[in-house]
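Reader: I would like to go through this structure with you. Could we begin with the terms and then turn to the rings?

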Amino acid sequence: MLISTGERFNFELPPTRVVHITNSFERINKQGELEVVLDAPSLTDVNATDLNAFCMFDNLKIPYLLDPEFMYKNIPFSTTLRRWVFNVNTMRYTVEEASRDWEPRDSLVEFPIVNPDYMGKPYCYSYYVQWDFLKMHMALLKYDVCRKEFLQWSEEGTSSMEPIYAPHPHSREEDDGVLLAPVYNEKLDKTELLVWSARNLEVIARYDNPVNVPLLSTAGGSGELSNHVSNYK
């Protein structure tokens, strides 16, 4: 559907499992044709026969929770970052895939966020939670779709949950801001609130959390928190 007019167009694609959309926007290509660009993490080993066999979150149900091998036997978890470009004039589309130059390569990269000032607009930077299910470890990943480059943050013995993005109130650059997320320390059995530079993923602040946040909880929906920290210095 075009954002500008609400007009709908139908494209037939191969089976693909997508949970969250990173961003989407409209643009005019070099031929003067209108395109809709959609970016999203998607799972790589999905086909028509197993598309509806299991939901990604079935592993949280009983008795699947009691079977430690259920997820690895039944649910694909190796993610590819894809860009779909839909040309509404020719009714053709293309698919671009990121190189997956992250470690470990077989991990679930999900919960995408972008600078909220760039939602629905051309952009470069997106941020994700990276799950290594073999170690039950969660890290952060930054992807530059313009330069096709990745940047990772990982800390041994900790797991980051879903972050939020707080842009600098006077920023002139897309990644001039901070990320915030609860981070669980499994050795200390405690949760901290960490603040990262959105530019280089360096930790710039840590705050004690009086309540331990469960590992699979997320910080999504904490818009009020983003408002309070948007005036950081």
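Author: Helices (H or I, at least four residues) and strands (E, at least two) are DSSP runs, numbered from the N terminus. The model is predicted, so local features need pLDDT of at least 70 and side-chain atom pairs count only at pLDDT 80 or more, while totals for chains, interfaces and linings use all residues. Residues are numbered from 1 along each chain as its sequence is written, and side-chain values use heavy atoms, with hydrogens and water left out.

Reader: Where does Leu 60 lie?

Author: Leu 60 is in the loop between strand E3 (34-43) and helix H1 (70-74). Its relative accessible area is 41%, so Leu 60 is partly exposed; buried means under 20%, exposed over 50% and partly exposed in between, with a 1.4 Å probe and protein chains only.

Reader: Which residues make the nonpolar surface patch?

Author: Leu 60, Ile 62, Leu 65 and Leu 66 make the patch, of about 460 Å². Patch residues have over 30% relative accessible area and no salt bridge; like charges are joined within 9 Å and nonpolar side chains (Val, Leu, Ile, Met, Phe, Trp, Tyr) within 5 Å. A salt bridge is a side-chain nitrogen of Lys or Arg within 4 Å of a carboxyl oxygen of Asp or Glu. Accessible areas come from the Shrake-Rupley method with a 1.4 Å probe, and for residues only the protein chains shown count as cover.

Reader: On to the rings: how many aromatic pairs are there?

Author: The search of the whole structure gives eight aromatic pairs. Rings of Phe, Tyr and Trp (its six-membered ring) pair if their centres lie within 6.5 Å; planes under 30 degrees apart count as stacked, over 60 as edge-to-face and the rest as tilted. The planes of Tyr 127 and Tyr 165 are at 45°, with centres 5.7 Å apart, so this pair is tilted. Tyr 127 belongs to strand E7 (residues 125-132) and Tyr 165 to strand E11 (residues 164-167), 38 residues apart.

Reader: Are Tyr 127 and Tyr 165 buried or exposed?

Author: Both Tyr 127 and Tyr 165 are buried. For Trp 153 and Trp 196, the ring centres are 5.2 Å apart and the planes at 75°, so the pair is edge-to-face. Trp 153 is in strand E9 (residues 149-153) and Trp 196 in strand E13 (residues 190-197). Trp 196 has 0% relative accessibility and counts as buried.

Reader: What does E13 pair with?

Author: Five bridges join E13 to strand E14 (residues 203-208), and the two run antiparallel; strands pair if DSSP finds at least two bridges between them. Leu 193 has Tyr 207 in E14 as its bridge partner.
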